[in-house]
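Subject: Structure handover and notes

Hello,

Please find the structure below, as promised. My notes come after it.

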Amino acid sequence: MAAPDLPVALVTGAARGIGLATARWFLANGYRVVLLDVDEATLAASEQALRHEGVSAELAIAVPADVSHPQQVDAAVQRTVDHFGRIDALVNNAGVAVFKPIGETSFHEWRTVMATNLDGAFLMTQAVAPVMLEEGGGAVVNIASISGLRASTLRVAYGTSKAALIHLTKQQAVEYGNAGIRVNAIAPGPVETAMAAAVHTPAIRADYHDTIPLARYGSEEEIANAIGFLCSPQASYINGQVLAVDGGFDAAGVGLP
Ligand code: NAD
């Protein structure tokens, strides 16, 4: 391996959107990266794009896996260790959104959202922590949402999964802290990604524009910058926190659209 001393970041849901921007942040800041995603075609295309940009397999690899599937999670973590030998940062970013009120949300939709957004972060962290413990520490960032801070109609499954993810973050921070693993969460406001394109109606967009003090959506890179900071040594005393990266939405105290 040409770069054995560089730290390694594992980013889930990295085929596109915030996850891909986060993988790029790590590459630009001296990490080696594993991009994990269940969408094999989009993941392969993103890996190909990185290769065209000169990023070799010594710096980044794509690992297809479903974060809600325990055996696939274990295999992906083993593949990471086999290839890079260590894991210093884990970003639990894989997520799905269903925006429906309680009466219209099927049990299958509820379970799918919980399995990806909550079970996925539980399983990934459970599998990665022993690797970090062997190295004496690491950093985990769970990607929650402002939907996990505030209840609203339309978000029974999504909002509940993100609120639970925020509590899981605190549990993990308390349990792993004295082993040198810091765990924090980011609660992004709206970001212009494929997910937002799928669930943000024109009415939701207009409402966000009116209620977010910065009066705009965030960019994938703005979320990635905050994730990268929380993983970095500059955040060495930050543990168990939720950082809203939302243009001031949470501070304004208004309701979710
Ligand atoms: P996105 O849909 O563009 O990307 C999500 C990625 O996760 C996709 O590549 C998808 O294939 C992958 N994924 C889904 N289920 C998976 C599974 N079971 N295993 C592995 N990978 C899986 O969405 P995004 O907007 O980039 O969202 C990234 C994260 O940010 C999500 O957790 C989302 O809930 C959160 N978030 C997004 C917004 C927003 O407005 N876009 C706001 C707040 C929070």
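Predicted model: local features only at pLDDT ≥ 70, side-chain atom pairs only at ≥ 80, totals over all residues.

Residues are numbered from 1 along each chain as its sequence is written.

Overall fold

The protein chain has nine helices and seven strands; these are DSSP runs numbered from the N terminus, with helices being H or I of at least four residues and strands being E of at least two. Its radius of gyration is 17 Å, close to the 18 Å that the globule rule gives for 257 residues, so the chain is as compact as a globular protein of that length. The radius is taken over C-alpha atoms, and the rule is 2.2 Å times the number of residues to the power 0.38. The C-alpha trace spans about 50 × 40 × 35 Å along its principal axes.

Of the 257 residues, 49% count as buried. Burial is counted on C-beta atoms placed from the backbone: a residue is buried if 20 or more others lie within 10 Å of its own, exposed if 12 or fewer, and partly exposed in between. Among contacts with a separation of 6 or more, 76% join residues 24 or more positions apart; a contact means that two C-beta atoms, placed from the backbone, lie within 7 Å.

UniProt, in an unreviewed entry, places the feature "domain: Ketoreductase" at residues 7-189. UniProt positions are in the numbering used here, feature names are shortened, and annotations may be inferred rather than shown by experiment. The span is 49% helix and 19% strand, and its end C-alpha atoms lie 29 Å apart.

Ligand shell

There are 30 residues around the ligand, of which G13, G17, G95, T193 and M195 come nearest. A residue is included if its C-beta atom, placed from the backbone, lies within 6 Å of the molecule. The shell divides into 14 nonpolar, 12 polar and four charged residues. Here Ala, Val, Leu, Ile, Met, Phe, Trp, Tyr, Cys and Pro count as nonpolar, Asp, Glu, Lys and Arg as charged, and the others, Gly among them, as polar. Helix 1 (17-28), helix 4 (107-135) and helix 6 (194-199) each supply at least two residues of this shell.

A15 sits in the loop between strand 1 (8-12) and helix 1. A15 is buried, with 26 other C-beta atoms within 10 Å. Leaving out residues up to four places away in sequence, A15 touches L20, L35, D37, D39, T42, L43 and S46.

Nonpolar cores

In soluble globular proteins, nonpolar side chains tend to be buried together. A nonpolar core is a set of buried Ala, Val, Leu, Ile, Met, Phe, Trp, Tyr and Cys residues joined through C-beta atoms within 7 Å. The largest one has 72 residues, and A9, L35, V128, V141, I186 and I227 touch the most other members. Helix 4 gives the largest share of this core, 10 residues. With residues up to four places away in sequence not counted, A9 touches F26, Y31, V33, D88, A89, V91 and C231. A second, separate core of nine residues includes V96, V98, L154 and V156.

Two positive phi values

Most residues other than glycine have a negative phi. Phi of L154 is near 80 degrees. L154 is in the loop between strand 5 (138-143) and helix 5 (156-176) and is buried, with 21 other C-beta atoms within 10 Å. A215 has a positive phi of about 55 degrees. A215 lies in the loop between helix 7 (202-211) and helix 8 (220-231) and is exposed, with 11 other C-beta atoms within 10 Å.

Other residues

W110 lies in helix 4 and counts as partly exposed, with 18 C-beta neighbours inside 10 Å. W110 touches T105 and A157, not counting residues up to four places away in sequence. I204, in helix 7, counts as partly exposed with 16 C-beta neighbours inside 10 Å. E221, in helix 8, counts as partly exposed with 14 such neighbours inside 10 Å.

Regards
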